[in-house]
Amino acid sequence: MMDMTFNNTDNVSDGKYDKYHTSSVITAVCLIVISVFAFGGNLLVLAAITINRNLRSISDLFVANLAVADLCQAALAIPLRVANLLVSGQEPSIPCHVVVFFAILFGGASNVNILLVSVDRFVAIKWPFKYNSWVTMKLFVTSLVISWLSLFLYAILPLVGWGRSDNVSSSPTCRFTTTLDREYVAIGYVLIHGFPLVTIIVLYLFILKASFRHSRAIAAQEFSLRTLNNSPANENSITHEEFSTNGERGHLSRARVNRTRAMNTSRRGKGARMIAVLVGVFIILVLPIIVIDVVEMWKEPFAPPVVVNIAVCMIYANSGVNVFIYAGWNTEYRRTFRLVLVALWKLMTTLVPECR
């Protein structure tokens with residue numbers, strides 16, 4: 001994700017960068033841990049979608065697209081940031097514009113895909129009967145191509161010259177304010193952070209409201225089912241005479257319909273709450289660095305390095321938390337995760353004795 005990392009005042013000693021500054025090392029360790037969890041977790045999501053046919057709907061494909069963006073963030077963007085942090089000389093070991101390219105591409109893709117997942121769930125909740133006709137494979141492929149291509153073109157502009165700052169100062173941490181032009185950064189924040197974040201907040205409020213409404217509907221239908229099951233007519237409904245009558249058949253049919261509706265409402269309610277948590281966590285983790293960066297776009301860096309480091313770790317941590325939200329709220333994902341992990345454990349326990 002777009003982030004403007006770390007003041008360089010605490011990394012400079014007598015005009016040269018310290019080889020291993022404590023702040024850089026701690027931040028690097030934090031990012032490495034985040035990278036490992038994000039890589040493993042998102043790989044687990046993709047494995048679950050691959051092996052489980054029940055997880056191949058259009059909604060799950062949007063989730064897979066998000067997992068790909070977060071996986072690339074963990075595999076490329078974060079390690080490049082760590083390598084850039086642990087510099088051993090006057091200049092960064094990796095060109096800043098390379099680090100910035102991957103940060104914009106995969107971080108922006110993660111933001112946009114969070115937005116697409118939220119829009120998908122919004123349509124499913126708001127217009128459930130039109131969802132299948134509106135959200136098609138063609139729409140998914142079109143949104144995937146447009147989002148990734150537009151982000152790639154925007155991210156590569158500084159590499160070809162447009163968007164670079166005229167006064168690039170030497171820094172081991174690739175500050176966006178010292179690497180990129182202010183106009184370029186402002187456009188990026190509007191398109192990659194501002195628009196998605198505002199839209200997500202609006203959708204988040206609707207989904208949260210819908211989850212409460214579904215919860216009330218579930219409670220009402222469960223009460224109706226309990227009343228129906230405890231009625232005298234229902235107690236004798238298993239007898240052959242009453243079962244064979246049209247009246248009792250209609251009675252049992254209505255009970256089945258009510259149960260089905262309750263189950264569907266329950267699933268929609270759980271899905272709404274899952275997306276609400278997903279988006280809420282996204283806002284909490286992303287908002288601090290956005291506030292710092294927007295303010296620092298118009299004035300000199302002011303935030304203490306420790307605060308900036310924590311905010312940067314938070315925004316990268318967003319790439320790793322999505323998998324735990326899926327596992328906590330979606331039974332099918334949780335069951336498939338368990339199967340994949342058990343299979344991996346059996347494979348490891350089989351290979352270890354053979355290696356010995």
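Trainee: Are Tyr333 and Phe337 buried or exposed?

Mentor: Tyr333 is buried, and Phe337 is buried as well; buried means under 20% relative accessible area, exposed over 50% and partly exposed in between, with a 1.4 Å probe and protein chains only. Bear in mind that this is a predicted model, where local features need pLDDT of at least 70, side-chain atom pairs count only at pLDDT 80 or more, and totals for chains, interfaces and linings use all residues. Residues are numbered from 1 along each chain as its sequence is written, and side-chain values use heavy atoms, with hydrogens and water left out.

Trainee: Where do Tyr333 and Phe337 lie?

Mentor: Both are in helix H12 (residues 331–355), 4 residues apart, about one turn of the helix. Helices here are DSSP runs of H or I with at least four residues, strands are runs of E with at least two, and numbering starts from the N terminus.

Trainee: How many aromatic pairs are there in the whole structure?

Mentor: The search finds 11. Rings of Phe, Tyr and Trp (its six-membered ring) pair if their centres lie within 6.5 Å; planes under 30 degrees apart are stacked, over 60 edge-to-face, and the rest tilted. Trp162 and Tyr184 are edge-to-face, because their planes are at 65 degrees, with the ring centres 5.7 Å apart.

Trainee: Which parts of the chain does that pair link?

Mentor: Distant ones: Trp162 is in the loop between helix H5 (137–160) and helix H6 (176–179), while Tyr184 is in helix H7 (residues 182–229), 22 residues apart. Trp162 is partly exposed at 41% relative accessible area, whereas Tyr184 is buried at 0%.

Trainee: Switching topic, how do H3 and H5 cross?

Mentor: The axes of helix H3 (residues 96–126) and H5 come within 9 Å and cross at roughly 155 degrees. Axes are lines fitted to C-alpha atoms, for helices over the stretch in contact, and angles run from 0 to 180 degrees between N-to-C directions. That makes H3 roughly antiparallel to H5; angles over 145 degrees count as such, under 35 as roughly parallel, 65 to 115 as roughly perpendicular and the rest as oblique.

Trainee: Which residues meet there?

Mentor: Among them are Phe101, Phe106 and Gly108 in H3, and Trp148, Phe152 and Ala155 in H5, with contact meaning heavy atoms within 4.5 Å.

Trainee: Which residues form the aromatic cluster?

Mentor: Phe101, Phe102, Phe106, Trp148 and Phe152 form one cluster.
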